[in-house]
Amino acid sequence: MDLSFTPEQQAFRVELEAWLAGNLARPWNEEIRDPAHDSDSLVEVRRAWQRKLHEAGYLGMGWPAEWGGRGASVVEQAILEEALWRADAPQIPNFLGIDLLGPALIHHGSEAQRRRFIPKMLSADEIWCQGFSEPGAGSDLASLRTRAEPDGEHFRITGQKVWTTFGPWADWIFVLARTDAEDRYGGITFFLVPIDQPGVEVRPILQITGESEFGETFFDGALARREHVVGKVGEGWRIAMTVLGYERGVQTMAYPARFERYLADLVRGLRENGTLGRSDVRARLARLIVENQVMRSNGLRTLANLASGEAPGPESSIEKIFWSEYAKRQSETALDLLGPQAQLTIDARHARPDMDWAREFLWARAGTIYSGSSEIQRNIIAKRVLRMPTR
Ligand SMILES: Cc1cc2nc3c(=O)[nH]c(=O)nc-3n(C[C@H](O)[C@H](O)[C@H](O)COP(=O)(O)OP(=O)(O)OC[C@H]3O[C@@H](n4cnc5c(N)ncnc54)[C@H](O)[C@@H]3O)c2cc1C
């Protein structure tokens, strides 16, 4: 295991940081505090940022050059993720398209699908969302009931998806639907479905944070063209599983970078309220700092394994639990230590210059649910890492 960066990787980091300094107009925290913005205009800020990243060659970097990438190594991709979080850059709006669907099309899609969808996905001209979960199928995804029936050159899709992130702004949705009711896994097919058609309705869901980034998506005989089936009919489960594997890809460095920035804000807040010198406060802060270092070291280990050609294994569940549960601990500690000062931020947006800890506290719960809940990760660790008996 070699945890040091090569001179080329260092040079990439320097080039990237210079580019960020010259191109990122305002950190995201300033954008969201600007009273001139609403949720739609913030999406446009994110779209414009995605275009900049794309034009500079920083999107889909690990993809082949033919599809807009530069065949970058996982280490370069991780350096990019880390630098974006450090700089507090906006999150691109098409992260589901680029992180999940893009690799799925490159590995399993047809040439025509790649030509049709990848360029507009990269340029953010078409925003994608993911239609996997249903009211009765989340952790147990194979229980999904949305069905697709052949109809000439199309399939007709009927059913309901839920928690569709970015659904309210998306142009297309990639959907898992049942083409065979009897075959639990082999009866699932992967479709690309346009949202702007009579048979699709996205209803935004109001979240506890006050935002509506998700939707419930209803299909009532919606049309999906046969040529927009990814892979073959009945291959959807296999493709979905590889897609979900990409989700755990190169984020290993991103989380510690993000939490480090949050910690710096917490330290500032504690200095402002005059409690930074207290030994009990310092002990709790130190614990968060050490845990974040542990997370980064573990991330570097994973990165070294990925760089030497290993596929992400069940150990990625350890990382998933660690960062998502840490996010909860960090925000709970911040609320506790900052007291009323932290609560001020949720409505009085200008009260503090940086973090909205009250929002972070509410939002942190989500991380322990999406991409496999903490309980599911613990099951994976018990079975596949610790090899514990099932009974
Ligand atoms: C922020 C966010 C964004 C999301 N975005 C999308 C999206 O864009 N597209 C999409 O398709 N989905 C999305 N999801 C849905 C997400 O994939 C599901 O929420 C997740 O898979 C859990 O499913 P569920 O909500 O149905 O909960 P359930 O699976 O019903 O779980 C309920 C509870 O039971 C526990 N549990 C379930 N099974 C077991 C078990 N075998 N052993 C022990 N405990 C268990 C779970 O841990 C959980 O605590 C998103 C979710 C969140 C929170």
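Visitor: What distance separates the centres of domain 1 and domain 3, taken over C-alpha atoms?
Guide: This is a predicted model, where local features need pLDDT of at least 70, side-chain atom pairs count only at pLDDT 80 or more, and totals for chains, interfaces and linings use all residues. Residues are numbered from 1 along each chain as its sequence is written, and side-chain values use heavy atoms, leaving out hydrogens and water. The domain bounds come from an automatic or database domain assignment. Taken over C-alpha atoms, the centres of domain 1 and domain 3 are separated by 21 Å.

Visitor: Where do the domains of the protein chain lie?
Guide: The chain is divided into three stretches, listed here in order. They are domain 1 (7-92), domain 2 (128-236) and domain 3 (248-385).

Visitor: How many residues does the contact take from domain 1 and from domain 3?
Guide: Contact means heavy atoms within 4.5 Å. By that rule, domain 1 gives 13 residues and domain 3 gives 20 residues.

Visitor: Which residues in domain 1 lose the most area to domain 3?
Guide: Buried area is the accessible area (1.4 Å probe) that two parts lose on being put together, summed over both. Domain 1 and domain 3 bury about 1600 Å² between them, 54% of it on carbon and sulfur atoms. On the domain 1 side, 43% of what is buried comes from three residues together: Arg33, Val74 and Trp85.

Visitor: How is α5 oriented to α6, roughly parallel or roughly antiparallel?
Guide: Helices are DSSP runs (H or I, at least four residues), numbered from the N terminus. Axes are lines fitted to C-alpha atoms over the stretch in contact, and angles run from 0 to 180 degrees between N-to-C directions. Helix α5 (residues 95-108) and helix α6 (residues 111-122) pack at about 160 degrees, with axes 10 Å apart. Angles over 145 degrees count as roughly antiparallel, so α5 to α6 is roughly antiparallel.

Visitor: In which crossing does α1 pass α4, left-handed or right-handed?
Guide: Helix α1 (residues 7-23) and helix α4 (residues 74-86) pack at about 30 degrees, their axes 10 Å apart. A crossing is left-handed if the near helix is turned anticlockwise from the far one by less than a right angle, and right-handed if clockwise. The crossing of α1 past α4 is right-handed.

Visitor: How many nonpolar, polar and charged residues does the contact of α10 with α12 have?
Guide: The axes of helix α10 (residues 316-338) and helix α12 (residues 357-367) come within 9 Å and cross at roughly 155 degrees. The two are therefore roughly antiparallel, and the crossing is left-handed. Ala, Val, Leu, Ile, Met, Phe, Trp, Tyr, Cys and Pro count as nonpolar, Asp, Glu, Lys and Arg as charged, and the others, Gly among them, as polar. The contact divides into 9 nonpolar, 4 polar and 5 charged.

Conventions
Angles under 35 degrees count as roughly parallel, over 145 as roughly antiparallel, 65 to 115 as roughly perpendicular and the rest as oblique.
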